[in-house]
Amino acid sequence: MKLPNYVSGRWSEGHGTGEPLIDPVTGDELTRISSQGIDLDAALQFARSQGGPALRGLTYAQRAEMLAKMADALAANRDEYFRLSLLNLGANQADASFDVDGAIYTMKYYAKIGRALAEGKMLKEGAQMPLSKSNAFVGQHFLMPTKGAAVFINAFNFPAWGLCEKAAPALLSGVPILVKPASPTAWLTHRMVEDIVKANILPAGAISIVCGSAREALDHVREEDVISFTGSADTAARIRSNANVLRRSVRVNIEADSINSAILGPEVAPGTDLFDLLVKEVVREMTLKAGQKCTAIRRVLVPRQQLQSFGDAAAALLSSMKVGNPRNPEVKVGPVVNKAQQSSCLEGLSKLKEECSLVFGSEEHFQPIDADPQKSAFVQPTLLSCKDGVGAKYVHDVEVFGPVATLVSYDGLEDLVALARRGLGSLVVSLFSDDQDFIRQAVLGIGDLHGRVLVVDSTVGSQHTGHGNVVPSCMHGGPGRAGGGEELAGLRALMLYHRRFVVQGPAKCIAELSGLSVDASLLYS
Ligand code: NAP
């Protein structure tokens with residue numbers, strides 16, 4: 001069986017035998033995908049010529065209504081998404097919920113906030129600018145939904161959320177989407193698209209899916225299109241430098257990998273609530289989705305005098321987390337997504353071990369519960385410790401995309417800031433401290449190289465939203481290595497799918513155009 005692709009308004013199977021999708025616990029083949037023979041040029045043309053005009057014929061509020069219906073259609077099939085998450089990702093309930101419920105929540109969130117844009121067809125930005133003495137000739141900036149298609153190239157770790165967090169702002173903007181999920185876990189995205197298509201909510205051409213390699217999509221994008229990519233920094237570089245993408249100045253948003261850090265404040269002593277809260281957070285980040293989150297904590301920057309006690313506390317908690325087949329109710333940590341990822345994790349780990357000592361895990365004959373180590377793709381949660389963060393290289397550079405984190409000691413604020421900045425641009429950093437001066441200095445020292453800074457003090461305690469959680473009202477993305485992209489942040493996400501232009505003309509003409517527009521300041525409210 002092969003999953004059909006949905007392009008040009010119809011389902012069509014790719015040629016050839018295709019690529020197998022595998023259960024990472026049993027090693028069994030589940031289904032196959034192929035994009036061979038799929039005319040991607042025609043698919044994009046259909047999206048631009050059919051889907052785009054139909055979507056833009058609606059107002060923002062009508063499109064928000066469409067998102068609400070999509071969210072309902074997805075919510076109705078939630079159990080099936082959990083089943084596929086278990087089969088194709090080895091996800092337990094918590095892992096699946098993070099992806100699937102996060103996806104449905106994000107869709108609902110955009111349905112709700114999108115209504116504020118009401119009847120507008122485009123956005124008006126800022127005030128009118130007088131350009132002549134009599135004010136007869138004026139200037140006004142507008143933002144218009146692009147008349148192209150949005151191409152989503154997604155990572156394997158969030159097949160549900162990755163679809164919805166991109167689809168909601170694009171469709172709300174009036175831009176049709178073509179999604180290419182990562183091959184190893186394409187099934188769940190495919191099923192969600194199938195459910196949306198079956199529910200008959202979107203006009204023809206508004207949504208397409210291609211499962212399989214589909215590299216040549218980049219050769220068919222045009223000036224009006226937008227590429228939104230999530231994945232590794234290496235692939236990001238290839239996409240950015242594609243000749244067609246460069247020649248046509250196609251807009252590209254990149255969400256890439258990231259060596260995120262969490263910081264324990266200098267005054268936080270072992271045994272305090274704040275200390276324990278960070279220990280818990282580090283272990284949660286290592287084990288949820290088996291550490292396969294772009295936002296996961298990879299480095300824990302700890303005052304040198306607390307390195308040992310932090311390691312002991314985290315190791316004690318990690319030892320209580322059972323690893324194995326998620327079908328066993330006692331199990332808390334599942335596998336990574338496939339054998340290739342397992343090898344990549346082990347390879348990265350061996351590099352980290354060159355400059356770190358072992359605190360927990362990485363046993364030579366590790367045996368996952370109810371799973372055959374030969375067939376399955378488990379990585380034992382592993383915590384490392386690095387006493388020479390300044391001299392270390394791999395710790396700041398190698399993203400082990402699995403249940404692995406490294407404690408790195410720091411000596412004072414200056415050292416800490418320098419170490420955090422060695423990530424060269426990260427999605428998120430968190431600061432656990434009650435020292436307001438330290439927090440202020442640290443934020444000023446590292447804010448520019450991080451997309452999100454999570455600050456937790458004793459007044460916040462466990463009410464914080466989580467280091468790795470991306471909430472749709474706040475920005476997701478990061479500079480430098482993290483790709484330089486920005487997603488979500490409420491209605492700001494619509495900016496990616498709008499083009500700014502200015503009209504310099506008669507005041508009457510500008511007034512008429514303004515009448516078709518919604519105030520862009522709503523994007524920031
Ligand atoms: P990946 O290997 O870079 O693949 C990502 C996507 O790019 C897949 O759909 C892949 O398709 C496609 N692709 C690969 N080579 C391509 C090329 N030459 N041209 C066009 N498309 C290409 O990443 P991954 O292994 O799926 O995901 C893990 C990585 O994603 C981690 O590094 C993680 O940090 C990052 N990530 C980042 C975020 C974020 O928001 N910043 C979120 C999640 C994950 P195929 O699967 O068909 O090869």
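This is a predicted model: local features need pLDDT of at least 70, side-chain atom pairs count only at pLDDT 80 or more; totals for chains, interfaces and linings use all residues.
Residues are numbered from 1 along each chain as its sequence is written, and side-chain values use heavy atoms, with hydrogens and water left out.

Helices (H or I, at least four residues) and strands (E, at least two) are DSSP runs numbered from the N terminus. Axes are lines fitted to C-alpha atoms, for helices over the stretch in contact, and angles run from 0 to 180 degrees between N-to-C directions. The axes of α2 (residues 60-76) and α5 (residues 161-173) come within 8 Å and cross at roughly 150 degrees. The two helices are therefore roughly antiparallel (over 145 degrees; under 35 counts as roughly parallel, 65 to 115 as roughly perpendicular and the rest as oblique). The crossing of α2 and α5 is right-handed, a term used where the near helix is turned clockwise from the far one by less than a right angle, left-handed being anticlockwise. In contact (heavy atoms within 4.5 Å) are Tyr60, Arg63, Ala64, Leu67, Met70 and Leu74 of α2 with Cys164, Ala168, Leu171, Leu172 and Ser173 of α5. This contact has nine nonpolar, one polar and one charged residues, where Ala, Val, Leu, Ile, Met, Phe, Trp, Tyr, Cys and Pro count as nonpolar, Asp, Glu, Lys and Arg as charged, and the others, Gly among them, as polar.

Helices α3 (residues 78-89) and α4 (residues 93-114) have axes that come within 9 Å and cross at roughly 135 degrees, which makes α3 oblique to α4. Their crossing is right-handed. On the α3 side, Arg78, Tyr81, Phe82 and Ser85 meet Gln93, Ala96, Ser97, Val100, Asp101 and Ile104 of α4. Five nonpolar, three polar and two charged residues make up this contact.

For α9 (residues 273-287) and α10 (residues 307-318), the packing angle is about 50 degrees and the axes are 9 Å apart, so α9 is oblique to α10. This crossing, too, is right-handed. Among the α9 residues that meet α10 are Phe275, Leu278 and Met286, and their α10 partners include Phe310, Ala313 and Leu317. By class, the contact of α9 with α10 has eleven nonpolar, two polar and one charged residues.

Points are joined across faces, edges and corners, and a volume is the space filled by probe spheres set on them.

The largest pocket has a volume of about 1,200 Å³. Its lining comprises 45 residues, with Phe156, Gly231, Ser232, Thr235 and Gln341 nearest the centre. At least two lining residues come from each of β8 (150-153), β11 (226-230), α7 (233-240) and α11 (339-355); α11 contributes the most, with six. The lining of this pocket has 19 nonpolar, 14 polar and twelve charged residues.

Four cavities of 30 Å³ or more were counted. The largest cavity has a volume of about 70 Å³. Its lining includes Leu89, Asp95, Phe156, Lys289 and Val337, and by class has six nonpolar, three polar and two charged residues.

Technical notes
On a 1 Å grid over the protein atoms alone, a cavity is a set of points where a 1.4 Å probe fits but cannot get out, and a pocket is an open set with protein on both sides within 12 Å along at least five of seven lines; lining residues have an atom within 4 Å of a point.
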